[in-house]
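Thanks, everyone. Let me put the model up, and then we'll walk through it piece by piece.

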Amino acid sequence: MISDKPMMDRYRWLGLATGVALADQGAKHWIAGAFPLGAGETVLPFFNLVHILNSGAAFSFLANAGGWQRYVFIALALVVSVGLTIILLKGVANRWEGWGYSLLLGGAVGNLVDRLVRGAVVDYLDFHAGGWHWPAFNLADTALCLSALILLWGTLLSSAQSKATP
């Protein structure tokens, strides 16, 4: 009998990506309803919840580029999302790839929905200290950054293990 565990793993990873995108969209919906655009509230001495729109990429990269970036980021997110979905459906080599690709897909889709619906991404997490503010970001941006770290870590572990095995 052929096991369908690999197929279940594939759906688990796609489920994680879907969960990240839905959580991101839920948080953005809540922020947009709780705060007028441009408003915010202090939560901790170093952290505010804010409601801003970012026409750029993660951490406001290319935010003031003139508008063309919206279409480039939409196209990029679509290509990446289709590619990652295919990879996850075919199956991943290890859990590092599963986590990394799932978080990358969820983050890409979360911000893609904003660009398609709002024309820009809702950012709401504002960390600061001593008058210095990190650019506001969101859950999708966090997932994108975590995915890069996880994939890098998985690659380093895999490389170390292959060198240790004669």
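Start at L53. Setting aside neighbours within four places in sequence, L53 is in contact with L37, R118, A120, V121 and V122. Contact here means heavy atoms within 4.5 Å. L53 and V122 are 69 residues apart along the chain, yet their C-alpha atoms are separated by 4.7 Å. L53 sits in strand β2, residues 47-54. Helices (H or I, at least four residues) and strands (E, at least two) are DSSP runs, numbered from the N terminus. L53 counts as partly exposed, because its relative accessibility is 39%. The scale is this: buried is under 20% relative accessible area, exposed is over 50%, and partly exposed is in between, with a 1.4 Å probe and protein chains only.

A word on where this comes from. This is a predicted model, in which local features need pLDDT of at least 70 and side-chain atom pairs count only at pLDDT 80 or more, while totals for chains, interfaces and linings use all residues. Residues are numbered from 1 along each chain as its sequence is written, and side-chain values use heavy atoms, with hydrogens and water left out.

Now the overall layout. The protein chain has four helices and four strands. From the N terminus, the order is α-β-β-α-α-β-β-α. Of the 166 residues in the chain, 34% are buried. Take the contacts with a separation of 6 or more: 66% of them join residues 24 or more positions apart.

Next, helix α2, residues 68-90. Why does its length make sense? The expected span of a helix is 1.5 Å times one less than its number of residues. So the 23 residues of α2 should span 33 Å, and the end C-alpha atoms are 34 Å apart, which agrees. Which residues of α2 are buried? They are Q69, F73, I74, A77, S81, L84 and L88. G83 is also in α2. At 27% relative accessibility, G83 counts as partly exposed. G83 and L105 are 22 residues apart in sequence, and 9.2 Å apart from C-alpha to C-alpha. Just after the helix, G91 takes a positive phi of about 110°.

On to helix α3, residues 95-118. Its 24 residues should span 34 Å, and its end C-alpha atoms are 34 Å apart, so the two agree. N94 caps the N-terminal end: a side-chain oxygen lies 3.0 Å from the backbone nitrogen of W96. After α3 comes G119, with a positive phi near 85°.

Stay in α3 for N111. N111 is buried, at a relative accessible area of 8%. Its side chain makes a polar contact of 2.9 Å with the side chain of D141. A polar contact is a pair of N or O atoms within 3.5 Å; within protein, one must be able to donate a hydrogen and the other to accept it, and residues adjacent in sequence count only if both atoms are side-chain atoms. Not counting residues up to four places away, N111 touches D24, K28, V121, N138, A140, D141 and L144.

A140 brings us to helix α4. A140 is buried, with a relative accessible area of 0%. Beyond four places in sequence, A140 is in contact with D24, K28, G107, G110 and N111. A140 and L22 are 118 residues apart in sequence, and 9.8 Å apart from C-alpha to C-alpha.

Now strand β3, and D126. D126 is buried, at 8% relative accessibility. What joins D126 and H133? A polar contact of 2.8 Å between their side chains. Leaving aside neighbours within four places, D126 is in contact with F46, F47, N48, V50, H133 and W134.

Last stop, the largest pocket. A pocket is an open set of points on a 1 Å grid over the protein atoms alone, where a 1.4 Å probe fits, with protein on both sides within 12 Å along at least five of seven lines; lining residues have an atom within 4 Å of a point. The largest pocket is lined by 19 residues, and A57, F73, L76, R115 and L144 lie nearest its centre. Which helix gives the most to this lining? That is α3, with six residues.
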